[in-house]
Amino acid sequence: MRFLVVGGGAREHAIGATLAQSGADIVVASANANPGLERLARSSLRVDPTDPRRVTEFGRAEGVDVAVIGPEAPLAAGVADALRDAQIPTVGPSKAAAQIESSKMFCRELLTQHAITAQPKWVAPETPEKVDAAAQGFGVPFVVKPSGLTAGKGVWVQGSDFTEPKDGAAYAKSILAQGGRVVLEERLEGEEFSLMAFVTDSGVYPMPAVQDFKRALEGNQGGNTGGMGSYSQRDHLLPFLPAADRDRAVGVLEAIAKALREEGLSYRGILYGGFMLTAEGPRLLECNARFGDPEGINVLTLYEHGDFAELLRGVATGRVEPNLVHFRLRSTVVKYVVPPGYGDRPRSGGLLAIDPGAITAAGVHLFYGSVEAAGPGAVRLGSSRGLALVGEASAIHEAGARVEAALRFVRGDYYVRHDIGTREDLARRWEHLRQLRAPGAKPSPLPLSVAPPDAPPSSAASPDLEIG
Ligand code: AMP
């Protein structure tokens, strides 16, 4: 089977590598020459991946059986529609259905209209006067979001990115002044997690839950980024996420898929829910219409090799065999190597000396992102996330330690968040949620569903008791 992979980041490298392991032929359409994908692909085209005509012509000329679209921008530009028009089954929703990601207003309205209640209070003021009224009227801390695509970087959270409501209002007004739409919503308190599912006509097939680290700097300081790293737990839950709440989140994704269908929008692709686990249960922060980056890398490395091409073909053609959706029971940690200053003012162009063989020998997967080949054992950093290193082990902190050990084989001037996947960080998150859910902390309609630290390992294990 021959696959067209659209996009050239580490997520697309991981998609291509997983397809290649299942015996598929790969061709790639991307703006950059990703050193990892270049090695895998039988042919590749340097192209603007949001150009529906050129991407489709390439897919046709290469005789591909299936296309898979990695990033959001080609989806928002209608590349999946063009590929389908050319009779190429595609993993990735139409432009209309991809509004679930490309328009936060579309997403919020869809949930409201279909009575899917797992979302924060929100408003989408249309004038500066309405912004002021909304900001004054919230009464609780709020969040300001440009409605369109911002690569995860346009969201301002009260308490982190601004203090006074009037400053949030000024930001919202600046978005309106540039011709954009803006959403203001209640700031939720809790722990975030990502839940992705394969969605097609035959159903919704969830993947392991993942926690992403969005802030640029250690200790969750600095601005929001596309994601500096992420981890997943061996039982496919998270240290703070019990099975019952994961199942509620799956229910939200199922309800969204149903709502899209009822709106006449066919969806064949990946549906990603960014959730906040609050004292009242999971609440949807955002939807994406593709694999998360980095979260997709966690789950792709867990996919039991062999059937991935068949699975994606099923997604693209509308019928998935449920027994093809299988992920190994291992914990994973992804850490991104980024240019110094990433998230604010990245200093691109730095040379990195890497020893891929030694990284692999250390049991760590290496995926290339925004880097270009610079001779044997060297790459040059671009302005975005450069290399994704993925460790796997029984326990999350062991997977994190493996990545740390492998970083010895990446030399040069770069930044990486060493706090991702450490015991200390996991314990802090677990404790945060325990306190939030403690009796009396806040009225909660849910029974306490996080296990106490001395409980036996269960679906809600604490980090100290991580299974493994
Ligand atoms: P989004 O692009 O909507 O996922 O927002 C980016 C980040 O902003 C999220 O990962 C959260 O860290 C934060 N965020 C977004 N919405 C909220 C909210 N309603 N309450 C608290 N934090 C939020």
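## A loop residue and beyond

Reply: Q119 counts as buried, at 12% relative accessibility. Buried means under 20% relative accessible area, exposed means over 50%, and partly exposed lies in between (1.4 Å probe, protein chains only). This is a predicted model: local features need pLDDT of at least 70, side-chain atom pairs count only at pLDDT 80 or more, and totals for chains, interfaces and linings use all residues. Residues are numbered from 1 along each chain as its sequence is written, and side-chain values use heavy atoms, with hydrogens and water left out.

Where does Q119 sit? It is in the loop between α7 (104-113) and β6 (122-123). Helices (H or I, at least four residues) and strands (E, at least two) are DSSP runs, numbered from the N terminus. The side chain of Q119 makes a polar contact of 2.7 Å with the side chain of R108. A polar contact is a pair of N or O atoms within 3.5 Å; within protein, one must be able to donate a hydrogen and the other to accept it, and residues adjacent in sequence count only if both atoms are side-chain atoms. Leave aside the neighbours within four places in sequence. Q119 is then in contact (heavy atoms within 4.5 Å) with R108, L111, T112, R283 and L284.

Now turn to strand β17.

Which residues are closest to the ligand? They are K145, E186, L188, E192 and E286, out of 15 that surround it. A residue is near a molecule or strand if one of its heavy atoms lies within 4 Å of it. The ligand has 470 Å² of accessible area on its own, and the protein covers 95% of it. Accessible areas come from the Shrake-Rupley method with a 1.4 Å probe; for residues, only the protein chains shown count as cover.

What classes make up the shell? It has 6 nonpolar, 1 polar and 8 charged residues. Ala, Val, Leu, Ile, Met, Phe, Trp, Tyr, Cys and Pro count as nonpolar; Asp, Glu, Lys and Arg count as charged; the others, Gly among them, count as polar.

Next, the strand partners of β17. A hairpin of 2 residues joins β16 to β17. The two strands run antiparallel, with 7 bridges between them. Two strands pair if DSSP finds at least two bridges between them. G273 stands opposite C287 in β17. Strand β16 (residues 269-278) is mostly covered, with 10 of its 10 residues buried. Strand β10 (residues 191-200) also pairs with β16, in the antiparallel sense, over 9 bridges. There, F198 has I270 in β16 as its bridge partner.

In general, strands of a sheet pair through backbone hydrogen bonds, either parallel or antiparallel.

Another sheet is open. Its 5 strands run in the order β12-β15-β18-β23-β20, with antiparallel pairing. β12 (211-212) and β20 (364-368) are the edge strands, and each pairs on one side only.

Why is β18 called largely enclosed by the rest of the structure? Because 7 of the 7 residues in this strand (residues 331-337) are buried. S331, V333, K335 and V337 point one way, T332, V334 and Y336 the other, and all are buried. Strand β15 (residues 229-232) joins β18 by 4 bridges, running antiparallel. G229 has K335 as its bridge partner, and S230 has V334. With strand β23 (residues 387-393), β18 pairs in the antiparallel sense over 7 bridges. V333 stands opposite G391 there.

Helix α11 (residues 295-302) is also largely enclosed by the rest of the structure, because 8 of its 8 residues are buried.

Last, a glycine. G59 lies in helix α3 (residues 52-61). Its relative accessible area is 1%, so G59 is buried. Neighbours within four places aside, G59 is in contact with L4, V64 and I88.
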